[in-house]
Amino acid sequence: MTDTLQHDVLAALRDPAHRIPSAWLYDQRGSALFEAITQLPSYYPTRTEIGILEAHLPAIAAAVPERSLLVELGSGSSRKTVPLIDALHQPAGYVPLDISADYLAEAADALSARFPGLPVHPWVADFTEAFDLPADLPEHTSRLGFFPGSTIGNLETGDARHLLQHCRGLLGQDSRFLLGIDLDKSADILIPAYDDPEGVTAAFNRNLLVRINRELGADFDPDDFRHEARYFEAPARIEMHLVCRRAVTVHVAGERFELTAGESLHTETSRKYDIGAFTTLAAEAGWSVSGHWTDAEARFAVLLMHASEP
Ligand code: AVI
């Protein structure tokens with residue numbers, strides 16, 4: 001783990017784009033701060049997606065065969081998973097996938113307690129790489145992938161296509177995939193969602209420097225960096241940056257780096273799709289969109305996809 005963080009941080013500091021993969025934002029404190037972000041008034045995606053699911057779960061569940069196996073990417077917040085399992089017709093089992101074994105065990109225990117008869121098979125997997133499913137799965141008719149939260153938007157387009165393709169292979173013929181995407185919209189809504197007046201997203205972003213100091217013995221002063229959310233139009237996305245307030249010298253793993261005032265570390269990209277563009281991307285990966293639902297203001301969309309014939 002440390003080796004990979006070190007590799008990614010050194011590579012980012014040596015390269016002028018200074019891009020650090022956003023997965024590193026999620027240490028224990030980062031995950032707690034992200035959870036706090038999902039409750040902020042300006043961060044609309046979580047509550048909007050929950051609203052869409054609440055309104056349309058009966059229609060979604062009706063399109064999923066009885067005794068399907070639910071496979072969730074990221075062991076998720078029970079605020080989305082519990083209502084989905086409640087709505088599905090005799091789900092055969094639940095397979096939450098997560099990179100964090102601790103978080104996974106907690107989420108799986110909570111789900112098992114809530115649905116005592118449901119086989120739950122937690123599975124440690126990094127879905128930014130190729131991954132497998134457990135071998136000892138309960139009998140099922142077909143598989144339903146679930147990837148809520150618009151987390152797919154944090155992947156580069158090519159990586160998103162690969163992940164969808166990989167899931168198509170893992171979930172198999174006649175499978176479905178239920179997925180949330182954040183839609184493009186005015187910067188007046190997007191910027192405050194990623195730069196909230198409470199400063200929680202700024203703390204989430206700066207926590208990455210605290211993590212790097214702790215795990216790599218680096219000497220970043222987080223106060224030297226200002227959080228910035230930038231909106232770009234093509235392709236539509238928000239980028240999070242940590243901008244140097246002044247010239248900074250930093251030491252990481254025995255290497256010394258000079259950053260100038262205004263230079264920034266790019267810590268996350270959050271793609272904002274339109275349904276047509278995402279449908280094309282999904283089709284390239286073997287999925288056809290069979291239904292989509294949005295909120296009244298078309299901020300967020302939930303897509304149900306069906307595996308296309310090979
Ligand atoms: C996890 N992911 C979908 C969030 C997003 O909106 O891109 C991460 C996040 N970054 C800042 N706020 C939320």
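The shell around the ligand is made up of seven nonpolar residues, six polar and one charged. Here Ala, Val, Leu, Ile, Met, Phe, Trp, Tyr, Cys and Pro count as nonpolar, Asp, Glu, Lys and Arg as charged, and the others, Gly among them, as polar. Please keep in mind that this is a predicted model, where local features need pLDDT of at least 70, side-chain atom pairs count only at pLDDT 80 or more, and totals for chains, interfaces and linings use all residues. Residues are numbered from 1 along each chain as its sequence is written, and side-chain values use heavy atoms, leaving out hydrogens and water.

**Around the ligand**
- The ligand is surrounded by 14 residues (a heavy atom within 4 Å of it), and the closest are Tyr43, Asn154, Tyr194, Glu268 and Ser270.
- Tyr43 has a polar side-chain atom 2.5 Å from an oxygen atom of the ligand.
- In the side chain of Glu268, an N or O atom lies 2.7 Å from a nitrogen atom of the ligand.
- For Ser270, an N or O atom of the side chain is 2.6 Å from an oxygen atom of the ligand.

**Meet Ser175**
- Ser175 counts as buried because its relative accessibility is 0% (buried means under 20% relative accessible area, with a 1.4 Å probe and protein chains only).
- The C-alpha atoms of Ser175 and Leu144 are 5.8 Å apart, although 31 residues separate them along the chain.
- The side chain of Ser175 reaches the backbone oxygen of Gly172 at 2.5 Å.

Technical notes:
Buried < 20%, exposed > 50% of the residue type's maximum accessible area, 1.4 Å probe, protein only. Polar contact = N/O pair within 3.5 Å; in protein donor to acceptor, adjacent residues only side chain to side chain.
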